[in-house]
Amino acid sequence: MSAPTVPAEPLVSPDIVSSIFYGAAVSDTLVLLVAEMVGGTARITWCNEGATQLLGYGLEDLRTLPVSALVPTLRGGEVKLLLRRERSARMNLPVRTASGALVEVVVLCTPSPSGRMWTLRLVPATNDSERALRATADAHERRFATLTERSPVPTLLSEQGMRLAHVNDAFCSLVGLQAEQLLGTGWMATVHPEDLDGVIEQVVAVLGGGDGEATARLVREDGTERTTVIRFAHLFTPGVGAGFVGTIEDITDRLAFEARLAHQANHDPLTGLPNRTLLAEHVAGRFTPGGSGLACLFLDLDNFKVVNDSLGHAAGDELLVEIADRLRSTVRPGDLVARFGGDEFVVVCEGVEEADAVTVAERIGAALAEPVRLGGVDVRPHASVGVTVQTDEHTAAEELIRDCDIAMYQAKAGGKGRITVLDQQARAEARDKLRLVAELRTAIERRDITLLYQPIFSTADRSSVAVESLARWEHAERGAISPATFVALAEESGLIGPLGLLVLDETCRQLAEWDAELGAAAPQRANVNVSALQLDGNLHPQVVAALARHRLHPSRLSIEITESALMKDPASARAVLTQLRDLGVQLAIDDFGTGYSSLAHLRHLPVDCLKVDRSFVAELGQGHTEIASAVIALAENLGLTTVAEGVETAEQAEQLAALGAGFLQGFSLAQPMTGERTAAWFAARAR
Amino acid sequence: MTGRAVTQHPMTPRPMTLARLTSPGAAVPATLAPAPTFDLEGVLASIDTMAAQKPVAAQIVSVANSDDTSAAALAQILAADVALASRVMKLANSAYFGMRGRVTSLQFAVTVVGFTTVRTMATVAVTDLDDESRLPADFWRTSTSVALAASTLAPRFGERPQDALCLGLLAPLGVALLHHNDQEGYAELSAAEPTATGRRAAEVRRYGIHAYRLTAVALEQWGFARSMVAPLAAVDDLSDGDAGLLRAALELAARLTVADHQAVPMERLTRGLLREDAVPPVMDRVRAEAEELRLAMLGQ
């Protein structure tokens, strides 16, 4: 507010007063006029040089000019708004010059202490440099306005709080509304109610200075939603306050694309069902230790391989899609159906007890049993279903899935198309088996699996010509574990490779040690058993490496393969055997006569020896010599040698020699012994 | 643009109207008794007296227009006037600014409502406009409607909405001053002149100045920007584009608040800048927000 008029200091010397007056009178930068009331009219009674220059009047003309003529916009009584008696006044006014032109000025009017006279100072409202600055500023603002107006980026401009002063066309198109509907706080209605708080939080932060961004759904006029990221920047206008500039990125399409990618990562492309990853997440997200009501159903289609092999993979895929559809429409709302892999599916149910889960499984079984027409053939799909409901014993989500997998295998083992609920005993057995696998792995790593060697004798002179390596596992707690158990376990759990290598290497090492100890009296050959699962391209290099490592000739080794192993994939077995035979390693078929092998195949296999199974040897005591005799005769006809296993008595030995068996092996002849005992045994025999 | 001559346009049929401050149908005397002792200078001087009684508000009025004023400085002064400070807080949290109660500090409130608005509220306090008992009936309903209409329409006229809001809020200050100083005479005058133009002419006859011009003088005296002062002075000059927004806002508010108001075409008032078909949504907005703004301005 203007300060009240202060009377001039009375004690200024006349010299100073006249000096100031002179300076004011001749100044051409100051514009000064004095007005007085003359005959009831306010008139100009004095002016300085600056006033005559600005107004263009002659000094005399100006000295009688009515104030109202100078300020034509002050009509009627309004002159007294300028010529106030008690206080100074300030007005923006146009003043009329001698030529009639109007010049914008600020008039500052100060009354004299008497109240009859006023000093008027005229200050041109704007000078050239201010006008130039303003023009530049205006041009900047227009450029900015044009830029945002034409920009394809939806843009908001707030000058105060959440109130928008401006929105561009891109934003209007984004939300499908006109600018008038959006200005002020109108735009807030386009922000999804659930997201508005987050937007305001950001605006609060941005108005305080700095930047911010919020993800918000914008609701278009037609009710559809667009998901956007709104980026806010602080905007301060001096003398006005704080606002923001908001730019909007519509990320709806990007999110949809990402969602598609995420869906693809978590779903099976063929059936569209959640895959194993999502299944694990789903179960983990619902599993709480000690909880209950969570059930998993593991389904494995019976005979799916038959469909694939007979009708082709396209039909197989078609069947899987049909099964997926049936599962989806059979389960309860909220249940998850996942494709576990191949022809395996898992259903996860919540809030169920065992009986409910079994009911779901039965319903699924019934739904699947409806015929499906594939390639012109009606197929009735059946599944083996394993059911597990969470118990206190489940400590992790994956145990639940593993248990229903076990239950499914039990169902399968019990005959196809069955439903099995995993019981306590089965779970205990499965866990026990898992523990044993872990212990077997450790035993192999620590070479706790030891080898015993059983001598093999020639029937001709009863001399000992070779030994068979027999793996033994003495468990710290369980005692001796049968090879039948741990070899099968190794085959199931992928440990057969390491176990086989251990046996091969240890046997070779032992042979080399015997050679060093016994010289010519050492066993000439060792027979090593090889599992069907080892009959692949790795076997040959492994044998070569073991022989090389222990500096042994290939003839010192005989590889024994069971008849059934050979029959699994005869062509590939033959290729592996041929490689070994070419190396110089001997090859024997173990347990011959138990595997229904084709004699035609046998003829083409590069083997040296048949081992007559101990069951046929045992029959000899009961007078049944037929099979042993036939096997021995067959070998002879094929030019192969024979080893009869399980010779328990001297009579059996004699009978076998009479039948023509080349070699004998059995408890009655020599028991399996440690490497050390074997060395002593051979040393004694040599003497 | 500028303080142009405040000219009347008797030949222009119904150039504009303003909310009538008396009920429609009141008796209209043929002539008004002259105001025997009306002293315009006295009225203006009375503002200074009022300012002296509310020093904090007066200080805000004088500093808030400075370009180097900060929200912190303004908040610091404002804190000394609890009533005014609480009104600013309330306004900042009102639906008008859309902040939904997030404004918890005075400084932030100043930032949100803006310096001009704080200054306007201080002006309201200085001039006792916050005391409805001393104002013409429906004063705030009218002024908030004018303010919201001006603010909503501002972008069309290239004006800042916030400045337009403040202009609208303060425009009727002159009416309040005249009413305050000559309650009976002003009531008679308003009743006798149903149109805004006629009333302004009557005001000039009785007081030597019309109410908006008086507002302009007061605001100019306090150093309000010319952009706020000039439209008030030129409100009757239809050739003046700068006053178009104010005319449109006054007309729109009159349509909302005066029962028998006879509409004046917007195109004529705004030199074609505002078409009638754009008016209804703005009226809806103003109708919806006016009461909230009134309550916030009065701290109720």
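Let's start with how α7(B) and α8(B) lie against each other: these two helices of chain B are roughly antiparallel, a label used for angles over 145 degrees, with under 35 being roughly parallel, 65 to 115 roughly perpendicular and the rest oblique. This is a predicted model, where local features need pLDDT of at least 70, side-chain atom pairs count only at pLDDT 80 or more, and totals for chains, interfaces and linings use all residues. Residues are numbered from 1 along each chain as its sequence is written, while chains are lettered from A and ligands numbered from 1 in the order in which they are written.

Back to our pair. Helix α7, residues 139–153 of chain B, packs on helix α8, residues 161–170 of chain B, at about 160°, and the axes are 7 Å apart. Axes here are lines fitted to C-alpha atoms, for helices over the stretch in contact, and angles run from 0 to 180 degrees between N-to-C directions. Helices are DSSP runs of H or I with at least four residues, strands are runs of E with at least two, and both are numbered from the N terminus.

Who makes the contact, meaning C-beta atoms, placed from the backbone, within 7 Å? From α7(B) the residues include Val146(B) and Ala150(B), and from α8(B) they include Leu165(B) and Leu169(B). The contact of α7(B) with α8(B) has nine nonpolar, three polar and no charged residues. For those classes, Ala, Val, Leu, Ile, Met, Phe, Trp, Tyr, Cys and Pro count as nonpolar, Asp, Glu, Lys and Arg as charged, and the others, Gly among them, as polar.

Over in chain A, have a look at helix α12 (residues 304–311) and helix α13 (residues 313–330), whose axes come within 6 Å and cross at roughly 140°. That makes α12(A) oblique to α13(A). Among the residues in this contact are Phe304(A) and Leu311(A) of α12(A), with His313(A) and Leu319(A) of α13(A).

Now, the two chains together. Chain A brings 42 residues to the contact and chain B brings 48. On the chain A side, β3(A) gives the largest share, six residues. That side divides into 17 nonpolar, 14 polar and 11 charged residues.

Finally, confidence. The complex gets an ipTM of 0.72 and a pTM of 0.56 from the predictor. Do keep an eye on residues 1–36 of chain B, where the pLDDT is below 50.

How values were computed:
Two residues are in contact if their C-beta atoms, placed from the backbone, lie within 7 Å. pLDDT is the predictor's confidence in each residue, from 0 to 100.
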